[in-house]
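Subject: Structure handed over, with notes on what was found

Dear colleague,

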Amino acid sequence: MTPHPAPAPRRVRKFAFLALLAALFAMFCVLGTWQVQRLQWKRDLIARVDARVNAEPVAAPGRAAWGGIDRASAEYLRVSATGRFLPGRDTRVDALTAMGPGAWILSPLRTADGDVVLVNRGFVPADARDATPVPAGEVRVEGLLRLDEPRGRILRANVPAQDRWFSRDVQAIAAARDLGAVAPYFIDAAFDPAAAPWPRGGMTVVRFRDHHLQYALTWFALALMLAFAAWRVLSGPRLRRRVPHTDPPDAARSHAALAARPDRR
């Protein structure tokens, strides 16, 4: 028996290349679909946050509701709280804003219910004089509810022992200032035109990057390019048609003339 010949190396390479194209095609389609889903999620988030930011303020969540607070249900909710600031316990948190570098001023507020909530009273530029001390007596604070920031900034971790803060880590600040149990959020105070120039509230940036449509189109375009490449590989042999051999026109006429001439012997 004659053994079957091994597959031609060229054919093996062709199948391997097509398999790679198929795997990449599937991956790009999955990534494109995921970006479409992210697009819908991001637009729902933007609509939800926009509605919260422009809504009438509600009472800041009390101790009984602290355990159920999460980003989906509470972040950027417009809230209000009434109470008294605890003097001498401000915390300066490094900040970089549209007004330049400076610091956020976080001050603890003890509410009428006895809860403690950190309030970001606003921004103070690096070259400005010290922030105005907290007002005395009972005050009403209105602003946006923001969740704890425990991880610090990129490459800039908080150093409580040196009183250096780069993110608004509520629990770490509460421990450093001996505040006891505090709310798992802080309030970004709204701008008050009647207040002192610094700290300046109302500087919360509510902006979300929304490039998911561009990303989805990019992934789907790459998938189409791979599909076209696979089609070219599969249809290549059929595209290269063999052209039948024909004699040049002059040679054809010469043969015809010779065939028509009588045989002279």
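What follows goes from the overall fold to the core, the pockets, the cavity and a few backbone details.

Please keep in mind throughout that this is a predicted model. The protein chain has five helices and seven strands, and when it is read along the sequence these elements follow the pattern α-β-α-β-β-β-β-β-α-β-α-α. Of the 265 residues in the protein chain, 33% are buried.

For residues 213–234, UniProt carries the annotation "transmembrane region", taken from an unreviewed entry. In the model this span is 100% helix and 0% strand, and its end C-alpha atoms lie 32 Å apart.

As general background, nonpolar side chains in soluble globular proteins tend to be buried together. Strand β2 also holds Gly-83, which counts as buried because its relative accessibility is 5%, under the 20% cut-off. Between Gly-83 and Val-139 there are 5.7 Å in space, C-alpha to C-alpha, although the two are 56 residues apart in sequence.

Strand β3 may be worth a separate look. Its covered face consists of Thr-91, Val-93, Ala-95 and Thr-97, while Arg-92, Asp-94 and Leu-96 make up the uncovered one. A hairpin of two residues joins β3 to β4, and the two strands pair in the antiparallel sense over seven bridges, β4 being residues 100–111. Within this pairing, Arg-92 stands opposite Ile-105 in β4.

Next come the pockets, and the question to settle is which residues lie nearest the centre of the largest pocket. They are Glu-75, Tyr-76, Arg-146, Glu-149 and Arg-168, out of the 32 residues that line the largest pocket. The elements that give two or more residues to this lining are α1 (9–53), α2 (71–74), β3 (91–97) and β6 (138–147), and the volume of the largest pocket is about 800 Å³. By class, its lining divides into 16 nonpolar, four polar and 12 charged residues.

The second largest pocket holds about 460 Å³ of space and is lined by 22 residues, with Arg-121, Ala-189, Ala-190, Asp-192 and Ala-195 nearest its centre. At least two residues of the lining of the second largest pocket come from each of β5 (116–125) and β6, and the largest share, four residues, belongs to β6. This lining has 15 nonpolar, two polar and five charged residues.

How many cavities of 30 Å³ or more does a search of the whole structure find? The search finds one, and the volume of this largest cavity is about 40 Å³. Its lining consists of Trp-104, Asn-120, Gly-122, Asp-188, Ala-189, Gly-201, Gly-202, Met-203 and Thr-204, and the elements that give two or more residues to it are β5 and β7 (185–189). By class, the lining of the largest cavity has three nonpolar, five polar and one charged residues.

Most residues other than glycine have a negative phi, and most peptide bonds are trans. The peptide bond from Trp-198 to Pro-199, however, is cis, with omega near 0 degrees, and Pro-199 is found in the loop between β7 and α4 (212–239). Asp-163 has a positive phi, near 55 degrees, and is placed in the loop between β6 and α3 (170–176); with a relative accessibility of 42%, Asp-163 counts as partly exposed. Asp-178, which is not a glycine either, has a positive phi of about 55 degrees and is found in the loop between α3 and β7. Because its relative accessibility is 64%, Asp-178 counts as exposed.

With best regards

Methods:
Residues are numbered from 1 along each chain as its sequence is written. This is a predicted model: local features need pLDDT of at least 70, side-chain atom pairs count only at pLDDT 80 or more; totals for chains, interfaces and linings use all residues. Side-chain values use heavy atoms; hydrogens and water are left out. On a 1 Å grid over the protein atoms alone, a cavity is a set of points where a 1.4 Å probe fits but cannot get out, and a pocket is an open set with protein on both sides within 12 Å along at least five of seven lines; lining residues have an atom within 4 Å of a point. Grid points are joined across faces, edges and corners, and a volume is the space filled by probe spheres set on the points. Ala, Val, Leu, Ile, Met, Phe, Trp, Tyr, Cys and Pro count as nonpolar, Asp, Glu, Lys and Arg as charged, and the others, Gly among them, as polar. UniProt positions are given in the numbering used here, feature names are shortened, and annotations may be inferred rather than shown by experiment. Buried means under 20% relative accessible area, exposed over 50%, partly exposed in between (1.4 Å probe, protein chains only). Two strands pair if DSSP finds at least two bridges between them.
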